[in-house]
Amino acid sequence: MKVAYCTNVWPIDDIPNACKKLRELGYDGVELWHQYIVSRSIEQIHREVLDLGLEVAQVCPYFNVTGTQAELNETYKLASQYINIARALRCSRIRVFTGTVGASVATEKEYNQGVNALREICQSAPDLMFVLETHKGCLMESTESTKRLICDVGVDNLRVNLQVPMEISGEDPYDCAEILGEYTTHLHAHNWRGDINNLVCLSEGDYDFAKFLSILKMKGFDGYISIEH
């Protein structure tokens, strides 16, 4: 396993200095958010990140596969762009959101459109992993809906960026790890006390992060543990 940090926690112009500090602290990589990526050339990102010895753990665009036809067409263009970006940055993971339609309210048409679009995008770049970030308000808002989506898309390179808690379903983090661990290749590491908005150090929160991680490891997880806050 490796450790990364998410660049969305800093103002864009602070990211180069932050990357230097992260490398000094022993981090292996960083997640690069869309806002930073579109503000730089590939050559600049190499200088500000890769040349320091950091890996790009994941690139993070904003897809929408459950929206209008126009939004879907834009997502196909964005996916093509990010496939090229990921390869240029020697990055194997592209973070995936599915839009603003939650699994609990998606119509059959919206869901099937999302499934078909994700399959097409994944099949266009079999050398990369497309990583579903579990999050409220999308097709991955519960353990059940995330697993269903992976099974329905049915390709080997659609994986999970696990982020607990599943706020809609109120699921137990250990259950999430048990069910989704075999699909998880990236982890957004959070812990909290009392309320998800009261974030604390990983070892000081309401659930036993070490136990949670051990379950993921037993299920085969060997990817990036990424700090997002």
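Which helices and strands do the buried residues of helix 5 pack against? Before I answer, please note that the model before you is a predicted one.

The buried residues of helix 5 pack against helix 4, residues 69-88, and helix 6, residues 143-153. They also pack against strand 4 (93-96), strand 5 (129-133) and strand 6 (158-163). Helix 5 itself runs over residues 108-123, which makes 16 residues. From its first C-alpha to its last it reaches 22 Å, close to the 22 Å expected at 1.5 Å a residue. Its buried residues are Tyr111, Gly114, Val115, Ala117, Leu118, Ile121 and Cys122.

At the N-terminal end, helix 7 is capped by aspartate 172, with a side-chain oxygen 2.8 Å from the backbone nitrogen of tyrosine 174.

Finally, the cysteines. How many disulfides does the count come to? With a cut-off of 2.5 Å between cysteine sulfur atoms, the count comes to zero. Cysteine 138 is buried, with a relative accessible area of 2%. Cysteine 201, by contrast, is partly exposed at 48% relative accessibility. The closest cysteine sulfur to that of cysteine 201 belongs to cysteine 6, 16 Å away, so a bond is again ruled out by distance.

Terms used: Residues numbered from 1 in each chain as written. Predicted model: local features only at pLDDT ≥ 70, side-chain atom pairs only at ≥ 80, totals over all residues. Heavy atoms only, no water. Helix = DSSP H or I, 4+ residues; strand = E, 2+ residues; numbered from the N terminus. Expected span 1.5 Å × (residues − 1). Buried < 20%, exposed > 50% of the residue type's maximum accessible area, 1.4 Å probe, protein only. Contact = heavy atoms within 4.5 Å. Polar contact = N/O pair within 3.5 Å; in protein donor to acceptor, adjacent residues only side chain to side chain.
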